[in-house]
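Welcome! Please take a moment with the sequence and the 3D model before reading on.

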Amino acid sequence: HRFWASKTDTLEAQTISDAAVLDTLPDPILMLDGEGNITGSNLAARQFLGADIANQRIDALFSTNIFIAAVDKILKGKSANESLVFHISGKYNRRIYAHINKLPWFSKGRAVAVISLYDISKALSVEKMQSDFVANASHELRTPLSVISGFIDTLLTSAKDDADARDTFLQIMREQADYMSALIEDLLSLSRLEMAQDKALKDKVDLAEVIDDVIKALKIKAFNRSLNVKMIEENRIPKIIGDNQQIHQIVQNLVDNAIKYALENTEITVTMKTVPSI
């Protein structure tokens, strides 16, 4: 009796330990018996599908035919593993990648299959946004290019001796070239962000110094529009860890936009202060 009691305590402790490990995993995991009933789940699965999913049938939670068919193949022994992407409509409205595996015969409990679910909705959304951005930027580049090409042709032919037309056309061409430069810089910034997303941030950035440098760099541009740009530091902010170049670019974009769209003979104030953490 003492021997079997000890074995029981060991198995219970192991089961609790296994469950605790599964609960730390970020993606939902479900375990099924041979009838398709949920015999176990981790915390991520219960948060995603509801706390009362135990003993529910898998086809009661998911109505997507291709997913249920894949689960059925595993439960009937027609396949050892299945992987697929499917869409969950209704209140979840997610794009899910599912991996279904048949468990070995010596697995503990009644579970014969395990399902891992990965929400890829956000990744697909970001991928589409990036693709749309590149497509739109490429389309936007065509217009200024065609404008510049048209004026060059005109300057080489009918307007080559017209000084007034030449000055007007060159000004428009300069504006279109600036517009293309801004678009190209956006594309390069996106590319730099993608390359640096896994890079460890090591720069110690002094925000006050960055803002001061930006204001100095844009001083002439502000003067030409009769604008005064100043910085107010409400309290001393310590250096932060980040990418110095990217932070400088963000501040410069914001101040540059303020100079571009502010009313003439006004003041632009860049205020720096600490705020309570959320």
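What follows is a short tour, from the overall picture to the cores, strands and aromatic rings.

This is a predicted model, in which local features need pLDDT of at least 70 and side-chain atom pairs count only at pLDDT 80 or more, while totals for chains, interfaces and linings use all residues. Residues are numbered from 1 along each chain as its sequence is written, and side-chain values use heavy atoms, leaving out hydrogens and water.

**Overall picture**

The protein has nine helices and nine strands; these are DSSP runs numbered from the N terminus, with helices being H or I of at least four residues and strands E of at least two. Of its 278 residues, 28% count as buried. Here buried means under 20% relative accessible area, exposed means over 50%, and partly exposed lies in between (1.4 Å probe, protein chains only). The accessible surface comes to about 18800 Å², and 56% of it belongs to carbon and sulfur atoms; such areas come from the Shrake-Rupley method with a 1.4 Å probe, and for residues only the protein chains shown count as cover. Among contacts (heavy atoms within 4.5 Å) between residues at least 6 apart in sequence, 55% join residues at least 24 apart.

**The cores**

A nonpolar core is a set of buried Ala, Val, Leu, Ile, Met, Phe, Trp, Tyr and Cys residues joined through side-chain atoms within 4.5 Å. The largest has 23 residues, and those with the most contacts inside it are Leu30, Phe62, Phe67 and Ile115. Elements giving two or more residues to this core include β1 (29–32), α4 (65–75) and β5 (113–119). The most come from α4, with four residues. Leaving aside residues up to four places away in sequence, Leu30 touches several others, among them Ile38, Ala45, Phe62 and Ile115. Apart from this core lies another, of 19 residues, including Ala208, Ile215, Ile237 and Val251.

Val251 is also one of the buried residues of α9, along with Gln246, Ile247, Val255, Asp256 and Ile259. Helix α9 has 18 residues (244–261) and should span 26 Å at 1.5 Å a residue, which agrees with its end C-alpha atoms being 26 Å apart. The expected span is 1.5 Å times one less than the number of residues.

Two strands pair if DSSP finds at least two bridges between them. β1 pairs with β5 in the antiparallel sense over four bridges, and Met31 has Val114 in β5 as its bridge partner. β1 also pairs with β2 (residues 38–41) in the antiparallel sense, over three bridges, where Leu30 is partnered by Ser41. Five residues lie between the strands in the hairpin of β1 and β2, and Gly36 takes a positive phi near 90° there.

**Aromatic rings**

Rings of Phe, Tyr and Trp (its six-membered ring) pair if their centres lie within 6.5 Å; planes under 30 degrees apart count as stacked, over 60 as edge-to-face and the rest as tilted. By this rule there are five aromatic pairs. Here are two of them.

| Pair | Centre to centre | Between planes | Type |
|---|---|---|---|
| Phe67 and Phe86 | 4.6 Å | 20° | stacked |
| Tyr97 and Tyr118 | 5.7 Å | 35° | tilted |

Phe67 lies in α4 and Phe86 in β3, so their pair ties together parts that are 19 residues apart in sequence. Both of these phenylalanines are buried, and Phe62, Phe67 and Phe86 form one aromatic cluster. Tyr97 is in β4 and Tyr118 in β5, so this pair ties together parts 21 residues apart in sequence. Tyr97 counts as partly exposed at 29% relative accessibility, and Tyr118 is partly exposed with a relative accessible area of 31%.
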